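Hello,

Here is the structure I promised to pass on. My notes follow it, so please have it open while you read.

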Amino acid sequence: MWVRTYSKIFKDIKKENIWKIWTDVNNWPKWHGDLEYCKLEGAFAVGNYFMLKPKGVKAFKIELTRIEEGRKFTDCT
């Protein structure tokens, strides 16, 4: 198993606004140019899943396995 993390600091941006963008899975392709679509039905909640389709490859299922509201989430792909 591998783990990937990424962080960057921005000034004058509220963490609540960043969390709203991250949890709005269906709109990820608007700001993530290599995605064809993302489809989450229902709540951004542990146990739920979404389909993610990068450009040029098959779509795959991603399950939400852990969520720390407003802080981070973990998924299983």
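In which strand is K53 found? K53 sits in strand β2, which covers residues 49–54. Helices and strands here are DSSP runs (H or I, at least four residues, for helices; E, at least two, for strands), numbered from the N terminus.

Before going further, a word on the source. This is a predicted model, in which local features need pLDDT of at least 70 and side-chain atom pairs count only at pLDDT 80 or more, while totals for chains, interfaces and linings use all residues. Residues are numbered from 1 along each chain as its sequence is written, and side-chain values use heavy atoms, with hydrogens and water left out.

Is K53 buried or exposed? K53 is buried, at 14% relative accessible area; the classes are buried under 20%, exposed over 50% and partly exposed in between, with a 1.4 Å probe and protein chains only. The K53 side chain comes to 2.6 Å from the backbone oxygen of V57. Setting aside residues up to four places away in sequence, K53 touches L35, E36, Y37, K58 and A59, where contact means heavy atoms within 4.5 Å.

With E36, K53 also forms a side-chain salt bridge, 3.3 Å from N to O. K53 belongs to strand β2 and E36 to strand β1 (residues 35–40), so this pair ties together parts that are 17 residues apart in sequence. The rule for a salt bridge is a side-chain nitrogen of Lys or Arg within 4 Å of a carboxyl oxygen of Asp or Glu.

How many salt bridges does the rule give? The count comes to four. Side chains of opposite charge can pair when their charged atoms come close.

E68 takes part in a bridge with R71 at 3.1 Å, N to O, and in another with K72 at 3.8 Å, N to O. K72 is partly exposed, with a relative accessible area of 37%. Through shared partners, salt bridges join R66, E68, R71 and K72 into one network. For a sense of distance, E68 and K8 are 60 residues apart in sequence and 19 Å apart in space, C-alpha to C-alpha.

**The nonpolar core**

Which residues make up the largest nonpolar core? Its 12 residues are W19, V25, W28, L35, C38, L40, F44, F50, L52, I62, L64 and F73. Strands β1, β2 and β3 (60–68) each supply at least two residues of this core, and β1 gives the most, with three. A nonpolar core is a set of buried Ala, Val, Leu, Ile, Met, Phe, Trp, Tyr and Cys residues joined through side-chain atoms within 4.5 Å. In soluble globular proteins, nonpolar side chains tend to be buried together.

Not counting residues up to four places away in sequence, W28 touches I21, W22, L35, C38, F50, L52 and F73.

**A loop residue**

N48 is placed in the loop between β1 and β2, and counts as buried at 19% relative accessibility. Beyond its neighbours within four places in sequence, N48 is in contact with L40, E41, G42, A43, I62, E63 and L64.

**On the surface**

What forms the nonpolar patch on the surface? The patch consists of F10, I13, I18, I21, W22 and W31, with about 590 Å² of accessible area together. Helix α1 gives the most to this patch, with three residues. I21 lies in helix α1 and is partly exposed, at 41% relative accessibility. Patches are made of residues with over 30% relative accessible area and no salt bridge, with like charges joined within 9 Å and nonpolar side chains (Val, Leu, Ile, Met, Phe, Trp, Tyr) within 5 Å. Accessible areas come from the Shrake-Rupley method with a 1.4 Å probe, and for residues only the protein chains shown count as cover.

Finally, D12 is in the segment before α1 (15–23). D12 has a positive phi of about 65° although it is not a glycine, and is exposed, with a relative accessible area of 84%.

Best wishes

Key
Polar contact = N/O pair within 3.5 Å; in protein donor to acceptor, adjacent residues only side chain to side chain.
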